Structure formats: structure tokens, C-alpha cells
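Welcome! Please open the structure in your viewer and keep the sequence panel beside it.

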Amino acid sequence: MDPKKVEGGSMSSDGDIGAVMGFSGFGKKARTFDLDAIFEQTRRTAIERSQHVLEERLREASVDEQGESSKSLKQSTYSQKNKKASARQKDDSESDASSDSEVIGPPIPSQSAAQEQEDDELVGPPLPPGYTGSTADSDDEDEDTQDDDDDNPVKKIPDTHEITLQHGTKTVSALALDPSGARLVTGGYDYDVRFWDFAGMDQALQAFRSLQPCECHQIKTLQYSITGDVILVISGSAQAKVLDRDGFNVMECIKGDQYIVDMANTKGHTAMLNCGDWHPKMKEEFMTCSNDGTVRTWDVKSEKTHKSVFKPRSFQGKKVVPTCCTYSRDGKLIAAGCQDGSIQIWDRNLSVHTKFHCRQAHTPGSDTSCLAFSYDGTTLASRGGDDTLKTWDIRNFRKPVHVATGLTNYFSMTDCCFSPDDKLLVTGTSVRKDEGSGKLVFFDRLSFQRVYDIEVTNASVVRCLWHPKLNQIMAGTANGLVKVYYDPVKSHRGAKLCVVKSKRKEKHAETLTQDYIITPHALPMFREARQRSTRKQLEKDRLDPRKSHKPEPPVSGPGRGGRVAAHGGTLSSFIVKNIALDKTDDSNPREAILRHAKEAMENPYWVAPAYKKTQPEPMFAEESEEDEEAEKEPEWKKRKI
């Protein structure tokens, strides 16, 4: 048997089967495409078109400049160059078609090639032939202007935009941002602690949680730990609290025995707290200071007793109340500002003697409201109750480096803080009610000149915070507001996340839902159908014409459509309404009746004509002297009827 015939028969049979089953191209071989050949053909076509366009442009330019004679010469020489370049490119493409580094497009002009040899870092199109300036000079000028912007710290202040968070109506005395800048916590004189989530807020700017962790005690200080998982709450009570991110209680410090004289022998504070701070390196340790004259360090895991006690002393060795406290940036030093105007600094591991001590840092008797270390750890800023702001060098702690005066301070927790680049120092000013505006004041750290002011509101600025990661400034005021200042370009996340979200629409359809009464022992015919979900029930009620019927407005003017007009819509209803409103009250009902007696006697109409013959003449009692005397008696002597 011939194999070709057999193969031909099988092919025809396959074609018949494909026709019967509806397949197209059944048994045929699929087409194959050589992608490398297609790309190579496309590239060559693009090169030829680009050469053609470039030749036409050069031809037109040569006609305008030198005339017909020079045009033919340039065209021939340039066409020869192009032919050589195209031949060279064809040889290169044939030798290494898969190389990614080969040049695609028209050949490089001689002018641009020369410029590339002169300056390899030049990026962009070739310069025009008439340009004589140098790119190096322009680059140097741009770098100089950029350096000027970097050297001027005022231009880095993010104050172009602001949002306002309404904490309440009383003073915002505490502010805290977690290390990532996602959540803000505010506390105030109204005992409330409010939680704000920038990623979850919209333009309504509402707090997602509000609580009173310390009942009827004002909030003094709030601060997140270095990991951001717990919050330290310092209030007017003697016991500090630690909350988690959602506001639930983690620990509460123990209260000391107030009948023991030596405060080092008690396990906790015995008087009102003033301030607190987390350790910058150890996430379990924090510090508190109190009116009992001690500064104590605590461990989150052991709430029954403190870790160590620091007792500030005056020059005479007497007890002094610390009003603020803080850790250094490395956590090795503990600083406290006291009521006698002194600033005392201890080594964290040595609680007996101070390492640095300045007796006359501020005016004695004034509350030092804040101490803040710079990010490099060498400078300490102190905000005093004597309306001053001072900076101190830790290496030479005898006298301040700079002093700024005239900064009014009415609060014992007015803040000061450094900018993220350590070039500026920020604090708030206080004002009396309706006597001006509270300001955020910016000082240059080196020259200590007042370089910038921000008018916040018509109340005192108590708390201020400049977050290094967000590059946003928060300010708490005495009228219950929290101002957040940011720049869309210089700032990151934070307030920028919530201002772009529109307000959520309220669901008015929720009022249509009815209460579901559970009757497990009722007969099936009287049992209500179980509600699967509120959303489905709302959709069902929306389709019900009775439940979703909109109430009709009151009728104005005469009644129509079977409805009676409202009162006053017609003349008759207006008259009836006015008659009903006429409620004259006569003081003496007897006189009110008898004033119609004369008219009834002269012109009898109803009763008198019927009984004219039988009715006797009316006789009225005459007033006696006793009645007159009784009327003259005081009210408390008159007989009560």
C-alpha cells in the first residue's frame, strides 16, 4: 500500500471530521513569528525615516544660509556620512542584534558630540547654536540658592496650612503624638482624654474615642512610649496611669504613705503629680515628679513600688517641689526644674548627689514649666514662670547661654521644644481673656533672635509639639482648641491624610427600622419574621409605600385635595383664632357681671319679658362699714376662702 495515499486519505478524513465538528483549521500547523527579525526590520525602518527627515531639514537650512551651490555640496557630504553611518549601524546590528546598549535613532550631530566630549554629565537636548552661556555657572547659581534656603531655618517652618481640632471648651493642658505620627492624644482641664486618628478621620475632624481615665483630676501630661504601644497619663492625683493605644488601663502606680516623713521610705507619691516622662531608650521605664518633693522612676511591669527616688534640695538643704522633669536624649541624665528657681540634674544611676546644679536659673517662687534637651544632647532649654526662655550648655551649667524675656506665661505646663534640625526653638505665649492673641514664637538657636511668630488664636498657647517624622506643629490652647500646622510639600502624612477625605453622609433611613420583639412561645401565625440584617430590612422598608411615605407639608391658603387649611388660612379661621386668643381677665367678677345690669334693665330681651309680671324687684345688699374695714386689712389677715 502506498504510504502517501494513506497519508493523503488520513488528511482528507481529518478535514472531513473538522468540517463535521465545526473546527476551523483542524489539523493545520500554527503560524510561527520570528520576533527578532520583526524588531530588526522595525528598527531599520525607523533609522531610515529619521535620516530622511534630517536630510530634508539640513537641505532647507542650507538653502536659507548659503544658497543653492553650498546646498548641493553639504547634501552630498552629509549623505555620504549618513551612508557610512548607516552601513556601520547595519554591521553592528548584524553582529550583535540582541544588545541593549546600541543607539536607536538618527546619528548624533557633530556639535552635540563635541559637547558630550567636553562635558559627559550634561543631560538633555543639545544647546542652540547661538547660546554662549555656560551650564556650570547656572548649576552653581542653583546650588547657591538651594544652600541659602537650607541655611535659612525659617523657610522650613510648615505653617502654610492649618486644621483645628475641637477638644472641648477648657484648656488643652496635654498633647502627645506617637512615634509614627499616626495618632494624637489630647488632655485638658475638663478631665477628658481624646484620641485622634489621622488616617481614620475625615473633614469632620472628630475624635474616635473620649474617656476620663483619672475621673475628676485635671490632665497634666500625656506621652507615648518610644515604641508607641502605651501612654503615660499624669493627672492631678498622686497616682500615674499607663494606658494602651485604645485607652484601656495597663497599670496604675501605687500611692505612698503620707504619714511617713522620709519620702524615700514610701513606695509611691503622696501628693499631686506635676509632670512625667518616658525613658528615651528603655520602653518599660518612666519618671514622675510630685508636690511631695520627689522625682521617682518606675517600671511598667512592677506597679507596687518605684525603682529609685531623687530628692531635690534647696541651698539650705530643705525640701523643694519639682514642677517639671525630663530625661536627656541618651537617658543617662535626669533633670528637674523646681519652685525655688533652680534646675537640678542627676546621673540616672546615682540618686544621692546632683551632677549639675544651678541655683538661680529662674526667679524663686515661679514654676519652671518645661525642660527640653536638644537632639544633639548638649543644650538644655528651660521655660520659666518668670516670662523667660533660657538655653544652657550642659558642659558649662553655671550661667545661661541665651536669655529671651517678655514671653508671658500664666500656666504651669507651657511648653518649649526644638525643631527637628535643632536650629530653632519654639514656645507659646499666654494672654488674658480678650486682650490679644496667643502666639507660637520661634527663636534661632545660635543667635537666639526672634525670627518668626505665628498667631494661633485669641487665647493662650499652652502646649506645643513639633514632630520630627511628620514635620508638623501642634499647639494646644486655653480655649479648648488644638491647631495643627503643616505644609503640603515639606510635611508628611498626619493632617494631610484627613483633609482630603470628604465627610461621611448620615444614614437617615435608620429611623424607619422597627424594634424586633422576640416571642419564642407564640403561635407561628403570630410570630414575627426574624430580621436577618438591618440593611436588608432598610431596603425592604424603602420599597414599602407606607413606611417610606414622605410627610406632606402643611397647606397654605385655602384647603385643597380634601385637606383642611391650617389656622389662619381663611378669613373665618383667622377670626375664630383671634377670638380664642382674646383672654381678658377682669379682676372683680361681680363688677364684670353688673356692668351689663343697666342695659338689661332698660332694654330687656331674654329673660325679663317672660317674667315681667311675676318677677320681684331685685334687692342688693348694701356695703357696710365692716366690709370696708375688712378690705383695708392686710393680705395676711384676710380670711382665706
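This tour goes from one selection to the next and tells you what is there.

**Before you start.** You are looking at a predicted model, where local features need pLDDT of at least 70, side-chain atom pairs count only at pLDDT 80 or more, and totals for chains, interfaces and linings use all residues. Residues are numbered from 1 along each chain as its sequence is written, and side-chain values use heavy atoms, with hydrogens and water left out.

Stop 1: Select residues 172–177, which are strand E2. Strands (E, at least two residues) are DSSP runs, numbered from the N terminus. Is E2 mostly covered or mostly open? Six of its six residues are buried, where buried means under 20% relative accessible area, with a 1.4 Å probe and protein chains only. Strands count as paired if DSSP finds at least two bridges between them.

**Stop 2: one hidden serine.** Jump to Ser290, which lies in strand E11. Ser290 is buried, with a relative accessible area of 0%. Which residues surround Ser290? Not counting residues up to four places away in sequence, Ser290 touches His269, Ala271, Met272, Leu273, Asn274, Val321 and Pro322. Contact here means heavy atoms within 4.5 Å.

**Stop 3: the largest nonpolar core.** Select Val295, Ile334, Ile343, Ile345, Leu380, Trp392 and Phe397; of the 23 residues in this core, these touch the most other members. A nonpolar core is a set of buried Ala, Val, Leu, Ile, Met, Phe, Trp, Tyr and Cys residues joined through side-chain atoms within 4.5 Å. Among the strands that each supply at least two residues are E11 (285–290) and E15 (333–338). E15 gives the most, with four residues. Zoom in on Phe397: leaving aside neighbours within four places in sequence, its contacts include Ile343, Phe356, His357 and Trp392.

**Stop 4: an open sheet.** Finally, show the four strands in the order E18-E19-E20-E21, with antiparallel pairing. The edge strands, E18 and E21 (402–404), each pair on one side only. Four bridges join E18 to E19 (residues 379–383), and Leu371 has Ser382 as its bridge partner in E19.

Note on methods: Buried means under 20% relative accessible area, exposed over 50%, partly exposed in between (1.4 Å probe, protein chains only).
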